[in-house]
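User: I've got a model open and would like to talk through a helix and an interface. Can you take a look with me?

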Amino acid sequence: MTSIEHAASLLEEAPPAENTGERASWLQVAPMVAVLALFFGLPMLVVLVVSFFDFSRTDIIPAFIFDNYVDLFTREVTLRLYASSIKFALIVWAITLLLGFNIAYFLVFHVRGLLFQIGLFLLCTVPFLTSNIIRMISWIPFLGRNGIFNQALQGAGVTSQPLEFLLFSDFAVVVAYVHLFTLFMVVPIFNSMARIDKSLLEAARDAGAGRFRTVFEIVLPLSRTGIALGSIFVITLVMGDSFVVRTMSGGQSASVVSALQNEVAALQYPPAAASAVIMVIIVTLMVAGILRLVDVRKELAR
Amino acid sequence: MHSADGSRPWTFYFFAAFFGLFVAFLYGPMVVIYVLSFQGPTGGMTFPLNGVSLHWFDALISQSRVGDIAGSFQRSIVLAAVVAVVTVLVSVLAGLAFRRPFRGSAFAFYLAIASLIMPGLFVGLGIALTFRLLGLPTGWYSSGLGAQLTWTLPFGLLIMFAVLGRFNRSYEEAATDLGATNWQKLKEVTIPMLLPGIIGVALFGFTLSYDEIARTALAAGAKNTLPLEIWAMTTNVTSPTLYAVGAVTTIVSFFVIVVALTSIGAIQRRRSRSNT
Amino acid sequence: MTQATGSGAIGGGQVEVAGVTKRFGETVAVKELSLTIPHGSYCCLLGPSGCGKTTILRMIAGHENPTTGDVRIGGRSVVGLPQVERGTAMMFQSYALFPHRSVLDNVAFALKVRGIGLPARHNQARELLAKVQLEKFANRLPAELSGGQQQRVALARALITNPRVLLLDEPLSALDEYLRLRMRGELRRVQKELGITFVHVTHTQLEAIAVADMVVVMAQGRIEQAASARDIFVAPRNAYVARFVGGQNVLSGTVESTMNGMAAVASDKGARFAFPVGEIRPARGAKLYGSIRRDRIGVEKMLPGAKPAGGLNTTVGEVHTLENQGSYVKVTIDLDNGEEFVAHVPDDTFFRNPLDIGDKVEARWSASDVKLLDDGPIAFEAAAVEARAASAD
């Protein structure tokens, strides 16, 4: 995103000598830091602390024990939940990347006229600003046993029985994820691609590179910052989700976070906190892995 | 990429079809539930339509068993408005701060990014635990508001970066040269010029709050916001009321989006006219 | 390293643009234009922005196709041919160096695409980098080079396929003044050395005259004059070229009489000029246009109260601006009729009896230095409008 690039370029600059400008910046950034420290930093610290607490049926008991982590690592279900979450994350990542790259490519390189480009871009963006839950449940009449999709298939004589796997299944979960999160891939890739000088493509063509060669040699490498940022968004969103997986799988699939939500519902805060801590570590590792492959800061400063 | 004689290469048609399908994929299901929300009183959750009626919209208001739609709707609107205002004030200020290098800028930036990509439910869990340990009651207007700000502030900040990245500072320098004080400079030059971006921040603040669920779920306290109410409905309401509620909330979202985009468009148009 | 002339035989680098029109929607960028650029020549397309010069270049390169008409290279029509089969290479205004590739890989890119193995293509690229004195920078990224170095990389990258024709789109516009002057000499030297055709687009008059064998002055999608650089400068065909290329003053007036190949012409304000008309015998009352070089004009200060001599080939006015150009001083004179008239006075002449702004002066020249221009009244008006637009941008 241009915004992150902008920030990154600022961070590259050497720290200034102390001056009034710096004091003004501190004052200006203070409200944001205060809100985030209070409602994000402190609570995350509390989660870490509580993950070592003991608990009873109704209460959490201050302590310093590792039982929650031991339980987590010894339960067989943990591995299954992580496998499920990572499976969803990888499938959705692959699909949204394919879709996002192609949509961004179309908007940047095929659509002529800035106004038209902005219009189509907004067309993709507007659903993002409407309710995720509504967008999710809007698949129910589509995919249900008697849904539009099955009616159409049977009407066309493709199938004689309604397909059962469409709704309340992993398939439905993936469809909903792709529906909700593709935009997070489109926007950063679009931003990266829009900055590619069009004459680079002409230069590649002059050199004899065909359409696909140009995409692989020029467009893809120059979009990798956007791809990395989009991947971070999509993977963290899928890994951190519980609502989609619950609704769209009809309770048949679970994710790490939906299991955590169950624990919270049962007032088992410390195990939930331990689970959250492990999840944060894993997501952080994934993000770090992406950043290792693509040095976003260096790329952005380019 | 287009070919030399200005005609479209075959890939254009391929991509255009692809894009068309994607837009259909994006909007199709939404359109269907708006249509189904006008289902006749005897109709079900899917096609065919058994007549056309406002029955399910009526049920939304009159039937108490679908939950506290009206109350949660009011709470959500108030909360979204407050979040929008706070997001604009705080993230515009923070955006301005990042225009100069300052010690701690990396910390503030990464704090915001971490807050953005942290799974929302964890933030809610943390806030709920913090309030519990401090012995404070959670509520949509206190812990709920804070939870949503951890989501909207980073977004607002990123939008401000994008807007400020394109902002030419010589306008401000000109104002200073002409004798404007810092406050006058901000009020007379910076804020008016950034207005379209600021409206964008407000739009994001409002709609993200109005639709937020993951962070709010554990931090909202006893009274639900609208998305939480709808979330509860998905598990126990199996009638087109669900669609009716979806249609109503989406209309509100669209209304806000259209107001914001047309005002941004009007400002830009006026500026491009006055430039020529 | 020897440079084979692409795929063509001798003369394979001749470029012909035949009756080409190019429309973009409603706007016509190029109108019915024909031009032949001989093999091995350095041709500059010169004109203000929007005159269609870049469109011509892009049609030769194959980045645009003509709406009607034909483009031939080495005698063969190339319309619709892919870029690689044309034997052309293009150097972009922005250089279009791939930012994610090293200098070496940028230069070797065309060979990579052709499936040439890594050692072979790197060797060839290194040779070319050595030619432009950049072998030390082979492993840098383009962003780590200066503007002048990037320009040389772009040149090396364009030359790696041994093109018959090199197309340069405003190649010097991104450089500072000092580098621009150095690089234009360098481009000319490379072109002579390779013996291939260069087509160079520019909006800078002096750049075109400095490097080119052949200068094509364009306006509004048409050619105003295509001639040698020297002819463009000393013998502009019409008032537009005279004004756009500079170095000339345009005179006009109606014919009073013709005698011995000289026409006596009176301007609107009563000044009288002699135009050499050769064989032409213009009718009395016809409007004629002529040009006189700025460096062929003598300027003399008039004493206060003195009446102008008022002879043939003189004009009277007030000094408006003075610019010392080193070897000469540019004197701009406001004529009584509000027009501007420029004289380049050699420095030693000027400083013997210096002028000051506001001085009343008389400018005089020899009738034999006046060149008749090929304009009618309407063309003149149009050219004046364009020339003003050109000097504004």
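Predicted model: local features only at pLDDT ≥ 70, side-chain atom pairs only at ≥ 80, totals over all residues.

User: How far apart are the end C-alpha atoms of helix α1 of chain B, and what span should its 27 residues give?

Analyst: The helix covers residues 10-36, so at 1.5 Å a residue it should span 39 Å. The distance in the model agrees with that: the end C-alpha atoms are 38 Å apart.

User: What area is buried between chain A and chain C?

Analyst: The contact involves 17 residues of chain A and 19 residues of chain C. Carbon and sulfur atoms give 60% of the buried area, and the total is about 1,700 Å².

User: How many salt bridges are there between chain A and chain C?

Analyst: One of them joins the side chains of A:E217 and C:R101, at 2.7 Å from N to O. That is well inside the 4 Å cut-off. The count between the two chains is three salt bridges.

User: Which helix gives the most to the side of chain A that touches chain C?

Analyst: Two helices of chain A, α10 (198-206) and α11 (211-222), each supply at least two residues there. The residues on that side divide into eight nonpolar, two polar and seven charged. With seven residues, the one that gives the most is α10(A).

Technical notes: Residues numbered from 1 in each chain as written. Chains lettered and ligands numbered in written order. Heavy atoms only, no water. Contact = heavy atoms within 4.5 Å. Buried area = accessible area lost by both parts, 1.4 Å probe. Helix = DSSP H or I, 4+ residues; strand = E, 2+ residues; numbered from the N terminus. Nonpolar A, V, L, I, M, F, W, Y, C, P; charged D, E, K, R; others polar. Expected span 1.5 Å × (residues − 1).
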